[in-house]
Amino acid sequence: MYPSASCQEHYEQQAGKATDAQIDAACEKACLAIAPAWPLDRAIAVNPHWGRINRPLRQVAARMALLGNIQVFPTREYLREAWAKGRMTQQDLFYALATLQHGEDN
């Protein structure tokens with residue numbers, strides 16, 4: 001399991017020095033990484049983006065674009081086409097602006 005006996009000994013020595021506060025912090029960090037299974041409205045099978053749940057949408061989008069070449073927001077061309085075909089209206093824009101002004105864009 002360990003590359004060498006000295007590595008195992010080092011690990012065991014370090015584990016013995018952990019304080020209660022360090023153990024509590026490690027447990028808290030581990031619990032935040034695990035998606036909840038209850039209540040049912042929060043249950044998810046597998047969601048690789050769970051760790052991003054409390055981050056602002058723009059920050060997540062920028063990070064996904066940079067690290068995974070993933071585009072979260074629609075392209076300008078897609079939006080132009082939606083406008084031209086009437087799938088997006090002036091009322092939609094007013095709603096989006098009102099939402100942003102109320103800080104609902106996290």
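**One loop and its surroundings**

N69 lies in the loop between α3 and α4. Helices here are DSSP runs of H or I with at least four residues, and strands are runs of E with at least two, all numbered from the N terminus. The model is predicted, so local features need pLDDT of at least 70 and side-chain atom pairs need pLDDT 80 or more, while totals for chains, interfaces and linings use all residues. Residues are numbered from 1 along each chain as its sequence is written, and side-chain values use heavy atoms, without hydrogens or water.

Start with the backbone. Phi of N69 is near 55°, a positive value in a residue other than glycine. Most residues other than glycine have a negative phi. N69 is also exposed, with a relative accessible area of 73%. Exposed means over 50% relative accessible area, buried means under 20%, and partly exposed lies in between (1.4 Å probe, protein chains only).

V72 sits in this loop too, between α3 (57-68) and α4. V72 is partly exposed, at 36% relative accessible area. The areas come from the Shrake-Rupley method with a 1.4 Å probe, and for residues only the protein chains shown count as cover.

Next comes α4. Helix α4 covers residues 76-84 and holds both E77 and R80. These two residues are three apart, about one turn of the helix. E77 forms a salt bridge with R80, with the closest N and O atoms 3.5 Å apart. A salt bridge puts a side-chain nitrogen of Lys or Arg within 4 Å of a carboxyl oxygen of Asp or Glu. Side chains of opposite charge can pair when their charged atoms come close. Both E77 and R80 are exposed.

The structure holds two salt bridges. E81 pairs with K85, and their closest N and O atoms are 3.4 Å apart. E81 counts as partly exposed, at 33% relative accessibility. K85 is exposed, at 58%.

Now turn to α2. Helix α2 spans residues 20-33, which makes 14 residues. The helix reaches 20 Å from its first C-alpha to its last, close to the 20 Å expected at 1.5 Å a residue. That expected span is 1.5 Å times one less than the number of residues. Zero of the 14 residues of α2 are buried, so the helix lies largely in the open.

A33 is found in α2. A33 is exposed, with a relative accessible area of 61%. A33 and G51 are 18 residues apart in sequence, yet their C-alpha atoms are 6.4 Å apart in space.

What about disulfides? The structure holds zero. A disulfide needs a pair of cysteine sulfur atoms within 2.5 Å. The sulfur of C27 is 6.5 Å from the closest cysteine sulfur, in C31, and therefore too far for a bond. C27 is partly exposed at 43%. C31 is exposed at 54%.

Last, the whole chain. It has five helices and zero strands. From the N terminus on, the order is α-α-α-α-α. Of its 106 residues, 7% count as buried. The chain exposes about 9500 Å², and carbon and sulfur atoms supply 58% of that. Among contacts between residues at least 6 apart in sequence, 15% join residues at least 24 apart. A contact means heavy atoms within 4.5 Å.
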